[in-house]
Amino acid sequence: KKEFKIKGMMCNHCKANVETNLAKVVGVESVTVDLAAGKAYLEGDFNADEVVAMIRSLGYEYVE
């Protein structure tokens, strides 16, 4: 399980948008977004750079 800190998610629509799109990244098996914490938890065998690129393409900021 890997954790990605995401800045800019404000509502449940943001949460659903991030979960839906991160699930499309090759190798991602499951996505859970904790809106209050501003974090996404991903499981699977995926390229973290592709996840970060997807987060940015959605208009959110990835925080290292």
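Analyst: Two aromatic pairs are present in this predicted model. Take the pair of F4 and F46 to begin with. The ring centres of F4 and F46 are 6.2 Å apart. Their planes meet at 45 degrees, so this pair is tilted. A stacked pair would need planes under 30 degrees apart, and an edge-to-face pair over 60.

Where do F4 and F46 lie? F4 is in strand β1, while F46 is in the loop between β3 and α2. The two are 42 residues apart in sequence, so their pair ties together separate parts of the chain.

Are these two residues buried or exposed? F4 has 3% relative accessibility, so F4 counts as buried. F46 has 12%, so F46 counts as buried too. The cut-off for buried is under 20%.

Now the other pair. F4 also pairs with Y62. Here the distance is 6.0 Å centre to centre, with 55 degrees between the planes. This pair is tilted as well. It links distant parts of the chain: F4 sits in strand β1 and Y62 in strand β4, residues 61-63. They are 58 residues apart.

Next, a neighbour of the rings. V51 touches both F4 and F46. It also touches L22, V25 and L42. That list leaves out residues up to four places away in sequence.

V51 leads on to the largest nonpolar core, which has 17 residues. Within this core, V51, L22 and L42 touch the most other members. Which elements give two or more residues to the core? They are β1 (2-7), α1 (12-22), β2 (28-34), β3 (39-44) and α2 (48-57).

Step back to the whole protein. It has two helices and four strands. From the N terminus on, they run β-α-β-β-α-β.

Among contacts with a separation of 6 or more, 57% join residues 24 or more positions apart. Of the 64 residues, 30% count as buried. The accessible surface is about 3,900 Å², and 47% of it belongs to carbon and sulfur atoms.

Technical notes. Residues are numbered from 1 along each chain as its sequence is written. This is a predicted model: local features need pLDDT of at least 70, side-chain atom pairs count only at pLDDT 80 or more; totals for chains, interfaces and linings use all residues. Side-chain values use heavy atoms; hydrogens and water are left out. A nonpolar core is a set of buried Ala, Val, Leu, Ile, Met, Phe, Trp, Tyr and Cys residues joined through side-chain atoms within 4.5 Å. Buried means under 20% relative accessible area, exposed over 50%, partly exposed in between (1.4 Å probe, protein chains only). Contact means heavy atoms within 4.5 Å. Rings of Phe, Tyr and Trp (its six-membered ring) pair if their centres lie within 6.5 Å; planes under 30 degrees apart count as stacked, over 60 as edge-to-face and the rest as tilted. Accessible areas come from the Shrake-Rupley method with a 1.4 Å probe; for residues, only the protein chains shown count as cover.
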